[in-house]
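Okay, thanks for coming, everyone. Let me put the chain up on the screen, and then I'll walk you through it.

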Amino acid sequence: MPGAAPGSAEARRPLLVAGAFAAALLCSALVAWRLDAHQVEESRARTLDMAGDHAHALQAGIEHNLSATFALAAMIRQGNGALRDFESLAAEMLPYYPGASALQLAPGGVVTQVHPLTGNEQAIGHDLLRDPARTREAFAARDSGELTLAGPFRLAQGGLGAAGRLPVF
């Protein structure tokens with residue numbers, strides 16, 4: 001103020017106003033920063049929840065499709081090592097396992113039957129225990145006696161795939 005004495009209340013007013021403005025600006029920036037950080041945390045939590053849901057759904061789908069191996073194993077055990085009319089049984093089963101593209105039998109590690117045969121002809125005669133790309137997983141399944149999931153790998157009939165293996169003794 002042109003006529004205000006230095007150090008007077010009227011002379012300090014612009015400084016107080018500027019200080020109050022700076023304090024309000026700092027508080028506003030702090031609040032905006034905290035709100036943004038909170039939104040980022042919420043977004044991260046939602047993303048993690050969605051990823052967890054998708055992972056769970058994927059796991060459930062894989063487990064469902066692999067459960068076909070247990071049904072085939074039970075039928076083989078009931079038949080004392082033989083499975084009569086594999087083709088009809090597999091044709092009946094496959095629609096209940098939409099993630100499975102084929103069902104195979106591999107006694108001694110050699111694929112002898114596959115359904116559907118069309119498009120999978122190359123798999124017949126494939127020795128899983130002598131294929132360098134498959135031996136590790138095939139031996140792991142055989143030695144553990146448990147269902148194992150192998151892959152992804154190149155399929156004998158072409159393309160990429162994964163396989164569930166359950167040894168039946």
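So, charges: the chain carries 13 positive and 16 negative side chains, and the centres of those two sets sit 7 Å apart. For the bookkeeping, Lys and Arg count as positive, Asp and Glu as negative, and His and the chain ends are not counted. Each charge is placed at NZ of Lys, CZ of Arg, CG of Asp or CD of Glu.

Before I go on, the ground rules. This is a predicted model, where local features need pLDDT of at least 70 and side-chain atom pairs count only at pLDDT 80 or more, while totals for chains, interfaces and linings use all residues. Residues are numbered from 1 along each chain as its sequence is written, and side-chain values use heavy atoms, with hydrogens and water left out.

Now the layout. We have three helices and four strands, running α-α-β-β-α-β-β from the N terminus. Those are DSSP runs, numbered from the N terminus: helices are H or I with at least four residues, strands are E with at least two. The radius of gyration is 34 Å, well over the 15 Å that the globule rule gives for 169 residues, so the chain is more spread out than a compact globule. That radius is taken over C-alpha atoms, and the rule is 2.2 Å times the number of residues to the power 0.38. Along the principal axes, the C-alpha trace spans about 110 × 30 × 30 Å.

How much of the chain is buried? Of the 169 residues, 24%, with buried meaning under 20% relative accessible area, exposed over 50%, and partly exposed in between (1.4 Å probe, protein chains only). The chain exposes about 11900 Å², and carbon and sulfur atoms supply 61% of that. Those areas are Shrake-Rupley with a 1.4 Å probe, and for residues only the protein chains shown count as cover. On contacts, meaning heavy atoms within 4.5 Å: among those between residues at least 6 apart in sequence, 32% join residues at least 24 apart.

Next, the core. A nonpolar core here is a set of buried Ala, Val, Leu, Ile, Met, Phe, Trp, Tyr and Cys residues joined through side-chain atoms within 4.5 Å. The largest one has 13 residues, and the ones with the most contacts inside it are Leu72, Leu83, Phe86, Met93 and Leu103. Helix H1 (9-78), helix H2 (86-93) and strand E1 (103-105) each put in at least two residues, with H2 giving the most, at four. And what does Phe86 touch? Leaving out residues up to four places away in sequence, we get Leu72, Leu103, Gln104, Leu105, Gln113, Val114 and His115.

A cis peptide bond joins His115 to Pro116, with omega about -5°, and Pro116 is in the loop between E2 and H3. There's another cis bond between Gly151 and Pro152, omega about 5°, and Pro152 is in strand E3, residues 148-154.

Then look at the loop between H1 and H2. Asn80 is in there, with phi near 55°, a positive value in a residue other than glycine. Asp85 is in that loop too, also with a positive phi of about 55° although it's not a glycine. Buried or exposed? Asn80 counts as exposed at 75% relative accessibility, and Asp85 is exposed with 52%.

For contrast, go to His126, in the loop between strand E2 (113-115) and helix H3 (135-144). His126 counts as buried, at 19% relative accessibility. Beyond four places in sequence, His126 touches Gly109, Val110, Val111, Asp131, Arg134 and Ala156.

Ala100 is in the loop between H2 and E1. Ala100 and Gly164 are 64 residues apart in sequence and 9.6 Å apart, C-alpha to C-alpha. Neighbours within four places aside, Ala100 is in contact with Asn65 and Leu94.

Leu147 is in the loop between H3 and E3, and at 25% relative accessibility Leu147 counts as partly exposed. With the neighbours within four places left out, Leu147 is in contact with Leu66, Thr69, Phe70, Gly164, Arg165 and Leu166. As for Thr112, 35 residues away along the chain, its C-alpha is 19 Å from that of Leu147.

Okay, that's my tour.
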